[in-house]
Amino acid sequence: MEWIYEPWPWYVSGVMIALVMFLLIMVGKNFGMSGNLRTICSICGAGNKADFFKFYWKAQRWNLIVVLGTMIGGFIVHDFLMLEDAVAINSTTIADLHALGFESAGKAYLPETLFSFEAFSTIKSFSLLIIGGFLVGFGARYAGGCTSGHAISGLSNLQVPSLIAVIGFFIGGLLMIHILFPLLF
Amino acid sequence: MYLLIGIVFGITMMKSETVSWFCIYEMFIFESFHKYGIIGVAFFLGVIMTQIIKRYKIKSFYGEAILFPPK
């Protein structure tokens with residue numbers, strides 16, 4: 001039963017993501033996570049301020065339930081299906097990150113420098129989280145989708161806008177890691 | 001039903017380590033094939049699945065026509 005605690009290789013994970021999309025399509029829905037951000041804004045009453053949020057959000061309740069399930073799934077894995085938090089990353093990457101001051105690299109699931117309650121105590125990490133959250137929320141809606149909606153659902157349907165979006169995500173990620181990141185840390 | 005699909009997705013995300021900040025960082029400095037493999041497999045199967053559903057006009061579990069809203 002040792003295998004149950006091991007992380008999954010890429011080919012298993014890829015098949016599982018496709019399976020999730022297949023199930024959602026077969027129940028008459030589609031796969032996309034960031035649409036929920038719009039739904040939540042509408043629930044909070046943003047429809048009074050902007051037409052973009054004036055839509056029948058109750059028809060999107062199913063997707064909020066998917067997100068709730070995703071969180072439960074995360075807890076299940078963390079509490080019952082894994083023994084150690086460390087993720088399997090390359091030793092070169094670990095060394096690089098240590099040099100940048102990310103001491104939790106190779107020991108944890110997420111860097112404590114950015115994702116922990118202590119992160120709220122320094123202005124730098126606090127503002128990075130706020131700015132990051134704003135950009136993710138704004139960008140995912142402005143583009144009409146995030147990684148799940150564009151890279152998986154959109155590309156599977158051979159949609160050119162999704163391809164452009166995915167190339168954009170990728171360029172953004174590269175710029176962040178190679179140019180902004182060395183400036184920030 | 002949706003809760004179950006979500007749980008499967010959550011378990012997948014955690015088990016594949018896709019949601020780990022470290023893995024995303026590693027992907028962008030091109031020191032790991034892991035994430036490219038995941039997205040490649042999901043994309044490959046996704047295209048096949050979408051094309052089959054469209055070509056044979058497969059109905060959903062509830063008997064409704066399946067629509068792919070354009071992005």
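**Notes on the predicted model**

1. The residue A:S34 counts as buried, because its relative accessibility is 7%, which is under the 20% limit for that class. A:S34 sits in the loop that joins α1 (10-26) to α2 (35-43) in chain A. Once its neighbours within four places in sequence are set aside, A:S34 is in contact with A:A140, A:R141, A:G145 and A:C146.

2. A:T39 belongs to helix α2 of chain A. Its relative accessible area is 0%, so A:T39 is buried. Neighbours within four places in sequence apart, the contacts of A:T39 are A:F55, A:W57, A:Q60 and A:L64.

3. Which residues does A:A108 touch, not counting those up to four places away in sequence? They are A:D85, A:A86 and A:V87, together with B:F22 of chain B. A:A108 lies in the loop between α4 (91-100) and α5 (123-142) of chain A, and counts as buried because its relative accessibility is 9%. Its C-alpha atom is 4.2 Å from that of A:A86, although the two residues are 22 apart in sequence.

4. Chain A as a whole may now be described. It contains seven helices and zero strands, and the order of its elements from the N terminus is α-α-α-α-α-α-α. Along the principal axes, the C-alpha atoms of chain A fill a box of roughly 50 × 45 × 35 Å. Of the 185 residues in chain A, 35% are buried. Where contacts in chain A link residues at least 6 apart in sequence, 42% of them join residues at least 24 apart.

5. The surface of chain A also deserves attention. Chain A exposes about 10700 Å², and 72% of this area is supplied by carbon and sulfur atoms. A nonpolar surface patch of about 800 Å² is formed by A:L163, A:I167, A:I171, A:L175, A:M176, A:I179, A:L180, A:L183 and A:L184. One of these residues, A:L180, is found in helix α7 (residues 160-184) of chain A. A:L180 is classed as partly exposed because its relative accessible area is 42%, a value that lies between the limits of 20% and 50%.

6. How many salt bridges does a search of the whole structure find? The search finds one over all chains. A:D51 and A:K54 form a salt bridge in which the closest N and O atoms are 3.0 Å apart. A:D51 is exposed, because its relative accessible area is 56%; A:K54 is likewise exposed, with a relative accessible area of 55%.

7. The interface between the two chains is the next matter. The size of an interface is often given as the accessible area lost when the parts come together. Here chain B and chain A bury about 5900 Å² between them, with 77% of that area on carbon and sulfur atoms. The contact draws 82 residues from chain A and 56 residues from chain B.

8. As to specific pairings across the interface of chain B and chain A, the rule finds zero salt bridges. It does find 12 residue pairs in polar contact, with both members at pLDDT 80 or more. On the side of chain B that touches chain A, at least two residues come from each of α1 (2-15), α2 (21-28) and α3 (34-55). The helix that gives the most to this side is α3(B), with 16 residues.

9. B:E17 has a positive phi of about 65° although it is not a glycine. This residue, B:E17, is placed in the loop between α1 and α2 of chain B and counts as buried, because its relative accessibility is 8%.

10. The other residue is B:K57, which is not a glycine and yet has a positive phi of about 45°. B:K57 lies in the segment after α3 of chain B. Is B:K57 buried or exposed? At 64% relative accessibility, B:K57 counts as exposed, because this value is over the 50% limit.

Technical notes:
Residues are numbered from 1 along each chain as its sequence is written. Chains are lettered from A and ligands numbered from 1 in the order in which they are written. This is a predicted model: local features need pLDDT of at least 70, side-chain atom pairs count only at pLDDT 80 or more; totals for chains, interfaces and linings use all residues. Side-chain values use heavy atoms; hydrogens and water are left out. Patches are made of residues with over 30% relative accessible area and no salt bridge: like charges are joined within 9 Å, nonpolar side chains (Val, Leu, Ile, Met, Phe, Trp, Tyr) within 5 Å. Accessible areas come from the Shrake-Rupley method with a 1.4 Å probe; for residues, only the protein chains shown count as cover. A salt bridge is a side-chain nitrogen of Lys or Arg within 4 Å of a carboxyl oxygen of Asp or Glu. Helices (H or I, at least four residues) and strands (E, at least two) are DSSP runs, numbered from the N terminus. Buried means under 20% relative accessible area, exposed over 50%, partly exposed in between (1.4 Å probe, protein chains only). Contact means heavy atoms within 4.5 Å. Buried area is the accessible area (1.4 Å probe) that two parts lose on being put together, summed over both. A polar contact is a pair of N or O atoms within 3.5 Å; within protein, one must be able to donate a hydrogen and the other to accept it, and residues adjacent in sequence count only if both atoms are side-chain atoms.
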